[in-house]
Amino acid sequence: MVRSKSMRIYLDHNATTPVDPAVATAITGILTDQFGNASSVHSYGQSAKAAVDDARAAVAALLGANPKEIVFTGGGTESDNLALRGVAEALVPAKRRHLIASSIEHEAVLHTLKALGKRDWTVTLLPVDESGVVTPAALEEVIRDDTALVSVMHANNEIGTIQPVAELAAIAHRHGALFHTDAVQSVGKLNVDVASLDVDLLALSAHKFNGPKGVGALWVRRGVRLVPTATGGRQERNRRAGTENVPGIVGLGMAAQVARAKTGQTEIGSLRDRLESGILHTVPGTLVNGDPTQRVANTTNISFDRVEAETLLIALDLEGIAVSTGSACSSGTLEPSHVLRAMGYSPHRAQNSIRFSLGLGNTMEQIERVIEVLPGVVEKLRRISGTSSGFSRASSVAGG
Ligand code: PLP
């Protein structure tokens, strides 16, 4: 098979995804034809309101929820903020001022809790085991009678590990606490059903499952009280003020419909598995990070011994292959991934790790191209840094 060197391959779907063609069509229709303010009484407004209502029904259907429980937001970060800050404030009169989250949450949760921790709340971060899982025993150990909220993500953005959310939520409820899950990385990839997860709040973001950027939703179980984080108009049943982003919301609704129509994730799973085994077999000194089975089907996170991940990312980009590192670049210094560090990995291994996340548009031809290109790129980088000798071909899936 002749493969073009100019083939561009996008393997960073956990960062963001391309918009599904049906989503683009739906948004265009709103932008050109239905520009009304959904709060206006006249027909322009009512037509926009009807479009928002349809989207609300579609998002609710994807989650097995009631449309009235959906609050549209400006994305996953805002949904997490509204859940954490909203519940924390609402439970002040009940004197519940303790908050718990896992140590591998996204910054949207971690930094929000840090801010609350500087005020009148006490925050406890839960450890994870070496495969990145929060154990129910870890939660049992720290939960208190004044715990207001427990927040544990459904699937992790860096390693894809799926958490035992229902088991953890049951523990929270036994102690009278509410449970929030950041499902930004699972909605559209897994069957997410709020009843079986048994949670009270759930955050999602459109751009992670082929919808537009800057729009998301928070599902709030009926009866759960929230103090709004933005005040103003009465939109979203007084839970999120501000004129609705109608094009974005309609795009989210269409993305939800497309996701619901998808039958499982077997195809993406076989591409990911081929990519993973191809890399492990052709590139010496590689290991899979995280749980090899309990994870979303589109993600693999692999460490490349004695290769600086950031350098590998750039070298792959020059080959037309887009991946990401687990590292966050903050104030000019590269910090090892807080997720891999929490799993007990050495800073060295955490800094040598690359996340490959697959999605819409990926093909087996692309995957074969990555497997063909990668060994040479890695070998070259190791040669340049003088670390190419001493590798055996044996790689493994074990953590450590
Ligand atoms: N939560 C998780 C797990 C994420 O992966 C992300 C995005 O990377 C977010 C929250 C934030 O979502 P948004 O980009 O919509 O603000």
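Strand S10 (residues 299-304) and strand S15 (residues 353-357) pair in the antiparallel sense over five bridges. Strands here are DSSP runs of E, at least two residues long, and helices are runs of H or I, at least four, numbered from the N terminus. Pairing requires at least two DSSP bridges between two strands. Ser303 has Ser353 as its bridge partner in S15. The model is predicted, so local features need pLDDT of at least 70 and side-chain atom pairs pLDDT 80 or more, while totals for chains, interfaces and linings use all residues. Residues are numbered from 1 along each chain as its sequence is written, and side-chain values use heavy atoms, without hydrogens and water.

S10 also joins strand S9 (residues 286-288), antiparallel, through three bridges. Val288 pairs with Ile302 of S10. In a regular strand, side chains alternate between the two faces of the sheet. Both faces of S10 are covered: Thr299, Asn301 and Ser303 are buried on one side, Thr300, Ile302 and Phe304 on the other. Buried means under 20% relative accessible area (1.4 Å probe, protein chains only).

Now the helices. H2 (residues 43-63) and H9 (residues 246-261) pack at about 35°, axes 8 Å apart. Axes are lines fitted to C-alpha atoms over the stretch in contact, and angles run from 0 to 180 degrees between N-to-C directions. Contact means heavy atoms within 4.5 Å. Among the residues that meet are Ala48, Ala51 and Val52 in H2 and Val246, Ile249 and Val250 in H9. By class, this contact of H2 with H9 has 14 nonpolar, two polar and one charged residues. Nonpolar covers Ala, Val, Leu, Ile, Met, Phe, Trp, Tyr, Cys and Pro; charged covers Asp, Glu, Lys and Arg; the others, Gly among them, are polar.

Key
Buried means under 20% relative accessible area, exposed over 50%, partly exposed in between (1.4 Å probe, protein chains only).
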